[in-house]
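Please keep the sequence and the 3D view open while reading.

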Amino acid sequence: MHLVPFLLVFTSAVSVAAADRPNIVLALADDQGWGEVGYNRHPYLLTPTLDEMASSGLRFDRFYAAAPTCSPTRTSILTGRHPNRSGVFSPNHTTRPEEITIAQILRSVGYRTGHFGKWHVGAVKAESPTNPARMGYEEYLAHDNFFEMHPPLSRNGGPPEIIQGESSEICVDAALDFVESVQSDGEEPFFITLWFGSPHSPYRATDEDLALYADVPGSDLAARFAEITAMDRALGRFRAALKQRGLADNTLLWYTSDNGITVEGIPEEQRRDLYNGGWRGRKGQIYEGGLRVPGIIEWPAKIPSPRSTRIPAVTTDIFVTLLRLLDLGHPNPDRPLDGTDLTPLILRDAMPERTTPIGFWRYDRSTEADNQRWMAPELTKGTTPTVRNPGIDFVNFRHPVARTKDFGGAAAWTGNRYKLIRFASNAPELYDLLADPRERRDLASEQPGRVSEMLAAMEEWQRSVERSLAGLDY
């Protein structure tokens with residue numbers, strides 16, 4: 001097994017005693033940008049729940065999705081690995097059943113596990129080898145991809161059923177039913193992934209929520225904002241229920257989004273009123289606008305007073321951090337992980353800087369399309385329709401030979417200050433994110449030594465990812 005030095009698993013000696021293990025909820029928006037919250041000074045959006053969480057918990061000002069699109073980022077949360085390692089290059093790719101998920105590990109040590117909402121890392125039907133049940137969840141109500149009002153959802157792999165109502169409320173209802181069942185059964189902690197379908201296009205909202213944005217120029221934009229407010233309200237109801245049940249203090253609630261802001265479904269003339277803090281780029285791009293997302297941890301028992309941090313963190317960190325918080329090992333300690341342990345920051349506010357860089361890589365998936373599939377198509381075909389597609393064909397291709405150079409695609413290497421970007425064979429770009437967070441001034445020609453050093457480190461990481469992609473971790 002080849003390991004590279006920056007694939008760090010644990011960095012600290014702090015953890016939570018087994019008897020005090022918290023409930024854990026990972027809440028995830030679909031396509032919500034960094035600026036699409038009230039606390040980041042959005043000119044229109046009403047997000048009182050997220051604003052309250054940001055003002056009472058730990059707010060990350062530099063939180064990143066592991067990829068600028070949804071399926072890859074979701075895979076990073078579940079596995080703690082860059083999604084390219086398991087062949088999840090872009091939306092509608094499935095992860096591989098050989099991957100080890102955080103749900104599997106937590107269930108093995110006594111957590112009750114439930115998934116509610118969007119899945120999108122494989123088909124949710126019963127025979128899928130990468131449905132939530134196969135990946136560690138005892139209970140789920142899920143959709144293969146995005147969903148709107150009155151969504152068709154699969155319950156534990158069954159045929160999709162139409163559930164009437166606003167989609168975020170439906171997800172929260174299911175999650176709260178699960179919490180109630182866990183409480184009635186005993187004292188086990190629960191682990192929930194609450195993955196909303198909002199605000200992904202097309203935008204659908206109730207008349208009441210649309211009325212809040214009557215003054216917004218453009219009906220599509222108003223509907224997008226209304227979806228975010230509905231999601232915020234549903235999350236608020238979830239938090240209120242935890243408080244009512246006496247569970248809030250020792251529940252770690254981690255909120256983020258699967259990629260940066262999108263312009264999908266927003267006509268050109270309405271896009272000027274999208275707000276994302278001025279970051280360059282959007283969904284699908286590895287500039288900051290495609291990767292920076294909201295990031296909040298609320299855990300009153302361990303974060304009793306509000307804090308904020310500018311330390312860069314990424315969705316891939318969640319896996320490693322949860323293992324360390326709970327003093328758990330990985331079932332396969334030789335398997336490369338890409339996250340950094342954030343427990344010193346969470347528990348002691350004692351993390352002066354990030355200890356490992358973050359790698360981003362949009363793989364050139366066109367080079368894989370003629371390869372043999374990892375799983376048979378009849379196992380990976382989706383069943384829960386969207387407004388655009390009656391059923392997704394989730395793909396994942398074998399990669400017989402690991403590349404060692406000429407990696408292709410678009411990749412970035414981000415540390416505490418500098419960010420290197422390389423598009424295919426083009427000359428690298430270098431940005432100082434502290435002095436120039438909006439990536440306006442390319443410093444590559446002025447700092448060739450730094451470029452060479454960062455490029456060498458990024459390519460070493462890419463070689464490690466290639467080995468994983470070729471199946472050498474299994």
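Confidence in the protein is lowest in helix 10, at a mean of 96, and highest in strand 8, at 99. The score is pLDDT, the predictor's confidence in each residue, from 0 to 100. Helices (H or I, at least four residues) and strands (E, at least two) are DSSP runs, numbered from the N terminus. The average pLDDT of the protein is 95, and 97% of the residues score at least 70. Over residues 1–13, the pLDDT is below 50; this stretch has 46 contacts in the model beyond near neighbours in sequence. Contact means heavy atoms within 4.5 Å.

The model is predicted: local features need pLDDT of at least 70, side-chain atom pairs count only at pLDDT 80 or more, and totals for chains, interfaces and linings use all residues. Residues are numbered from 1 along each chain as its sequence is written, and side-chain values use heavy atoms, with hydrogens and water left out.

**Nonpolar cores**

A nonpolar core is a set of buried Ala, Val, Leu, Ile, Met, Phe, Trp, Tyr and Cys residues joined through side-chain atoms within 4.5 Å. Buried means under 20% relative accessible area, exposed over 50%, and partly exposed in between (1.4 Å probe, protein chains only). The largest such core has 52 residues, and Phe 190, Ile 192, Leu 194 and Leu 235 have the most contacts inside it. At least two residues each come from strand 1 (23–29), helix 1 (48–56), helix 4 (167–185), strand 8 (190–195), helix 6 (219–244) and strand 9 (251–257). Helix 6 gives the largest share, twelve residues. Apart from this core lies another, of 46 residues, including Phe 60, Ile 297, Leu 337 and Met 351.

Leaving aside neighbours within four places in sequence, Ile 192 touches Ile 24, Val 25, Leu 26, Gly 114, Phe 116, Ala 175, Phe 178 and Val 179.

**Aromatic rings**

There are 19 aromatic pairs in the structure. Rings of Phe, Tyr and Trp (its six-membered ring) pair if their centres lie within 6.5 Å; planes under 30 degrees apart count as stacked, over 60 as edge-to-face and the rest as tilted. Two of the pairs are tabulated here.

| Pair | Centre to centre | Angle between planes | Class |
|---|---|---|---|
| Tyr 44 and Phe 225 | 6.0 Å | 25 degrees | stacked |
| Tyr 287 and Phe 423 | 5.8 Å | 50 degrees | tilted |

Tyr 44, in the loop between strand 1 and helix 1, is 181 residues from Phe 225 in helix 6. Tyr 44 is partly exposed because its relative accessibility is 29%, whereas Phe 225, at 0%, is buried. Tyr 287 lies in the loop between strand 9 and helix 7 (288–291), 136 residues from Phe 423 in strand 16 (residues 418–423). Tyr 287 is buried at 11% relative accessibility, and Phe 423 is partly exposed at 23%.

Arg 280 lies over the face of Tyr 287, 3.8 Å from the ring centre. This assignment requires NZ of Lys or CZ of Arg within 6 Å of the ring centre and within 35 degrees of the ring normal. Arg 450 has its charged end over the ring of Tyr 418, 3.9 Å from the centre.

Three strands form an open sheet in the order 10-3-13, with mixed pairing; two strands pair if DSSP finds at least two bridges between them. Strand 10 (292–293) and strand 13 (313–314) are the edge strands, each pairing on one side only. Strand 3 (residues 63–64) runs antiparallel to strand 10 over two bridges, and Tyr 64 stands opposite Arg 292.
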